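Here is a short note to read beside the model. Take the points in order, and keep the 3D view open.

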Amino acid sequence: MRFAHRHLLGIEHLAQSDITAILDLAEKYVDMNRQSSKHSDVLAGLTQINMFFENSTRTQASFELAGKRLGADVMNMAMQASSIKKGETLIDTAMTLNAMHPDLLVVRHPHSGAVDLLAQKVNCAVLNAGDGRHEHPTQALLDALTIRRAKGRLHRLNIAICGDVAHSRVARSNLILLGKMENRIRLIGPPTLVPAQFAEFGAEIYDDMTEGLRDVDVVMMLRLQKERMDGGFIPSEREYYHRYGLDAAKLALAKPDAIVMHPGPMNRGVEIDGTLADDINRSVIQEQVEMGVAVRMATMELLARNLGQAA
Ligand code: NCD
């Protein structure tokens with residue numbers, strides 16, 4: 001199997017076969033990560049630099065652990081404290097790091113397209129860990145692995161993505177991935193947060209949870225991304241929870257074995273009921289975190305195989 005990519009910038013660049021290859025390899029790492037000894041030398045000798053220009057808890061920890069378990073030398077740049085604050089441009093920072101010969105650069109940035117731009121300037125493999133509202137490919141891949149394991153397949157499922165779709169790179173990457181794998185996707189939320197143009201992705205749009213959730217196999221909740229809003233998107237959090245927050249009563253409309261997902265961080269009592277989020281019979285939120293490490297190990301292994309080749 002040939003994974004013919006130099007970077008992982010977005011799901012939009014991947015074929016169905018690439019997605020399946022990543023998930024299949026990740027399965028091996030799920031098993032490895034459950035052993036007491038979780039080490040391999042697949043990335044031995046390679047240098048991985050994590051550059052997070054936006055806050056992150058699980059994504060950064062997951063990439064760091066993934067690199068360390070594969071034997072890479074991993075460095076986390078504290079971007080808040082870096083020269084960026086002194087006015088250095090993104091490209092200057094990238095060129096400086098490039099001169100230190102990293103092999104894998106993991107980048108999160110608040111601006112859509114910034115990671116693609118950076119990838120054009122450096123010699124190493126670049127992994128997009130989230131750029132603005134654009135893409136968050138490893139999140140969609142870990143969600144896909146979680147769904148495939150819970151449902152036994154990743155095609156012909158009815159999947160609802162609910163809430164703040166407009167500001168969400170997670171929603172965008174998932175829409176692209178789940179569409180490529182031939183699922184039926186519904187987007188549910190108020191029109192301010194689910195603009196009509198998302199129908200272009202082939203999704204059905206609902207502004208009523210009780211209609212949209214009917215008979216779905218997967219319910220994916222999104223965080224209300226207040227930091228990306230400039231006011232006026234929802235009347236109040238209380239009203240939002242009432243209409244769009246997932247609780248047991250609304251979930252009862254989905255299939256009896258429907259799973260509940262959330263990429264984290266969660267606003268309990270805003271987009272999801274805390275008790276439901278913790279219900280291990282319905283919620284796979286912890287599995288998503290577990291799959292995240294395995295999927296990142298798999299993508300870094302596949303990209304590392306192509307280092308030094310013109311792809
Ligand atoms: C998401 C992100 O940063 O895009 N979180 C994550 O990576 N797990 C979603 C979010 O911030 O709501």
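1. **Basis.** This is a predicted model, where local features need pLDDT of at least 70, side-chain atom pairs count only at pLDDT 80 or more, and totals for chains, interfaces and linings use all residues. Residues are numbered from 1 along each chain as its sequence is written, and side-chain values use heavy atoms, with hydrogens and water left out.

2. A polar backbone atom of P263 is 3.0 Å from a nitrogen atom of the ligand. For G264, a polar backbone atom also lies 3.0 Å from a ligand nitrogen. The side chain of Q225 has an N or O atom 3.1 Å from a ligand oxygen. A polar contact here is a pair of N or O atoms within 3.5 Å.

3. **Burial.** Alone, the ligand exposes 320 Å², and the protein buries 94% of that. Areas come from the Shrake-Rupley method with a 1.4 Å probe.

4. **Shell.** Around the ligand are R58, T59, R108, H136, Q139, R169, V170, R223, Q225, P263, G264 and P265. To be near, a residue needs a heavy atom within 4 Å. The shell has 3 nonpolar, 5 polar and 4 charged residues. Asp, Glu, Lys and Arg count as charged; Ala, Val, Leu, Ile, Met, Phe, Trp, Tyr, Cys and Pro as nonpolar; the others, Gly among them, as polar.

5. A pocket is an open set of points on a 1 Å grid over the protein atoms alone, where a 1.4 Å probe fits, with protein on both sides within 12 Å along at least five of seven lines; lining residues have an atom within 4 Å of a point. This pocket has 20 lining residues, with R108, R169, R223, G264 and P265 nearest its centre.

6. **Backbone.** Most peptide bonds are trans, and most residues other than glycine have a negative phi. The bond joining G264 and P265 is cis, with omega about -10°. R156 is not a glycine, yet its phi is positive, about 50°.

Note on methods
Polar contact = N/O pair within 3.5 Å; in protein donor to acceptor, adjacent residues only side chain to side chain.
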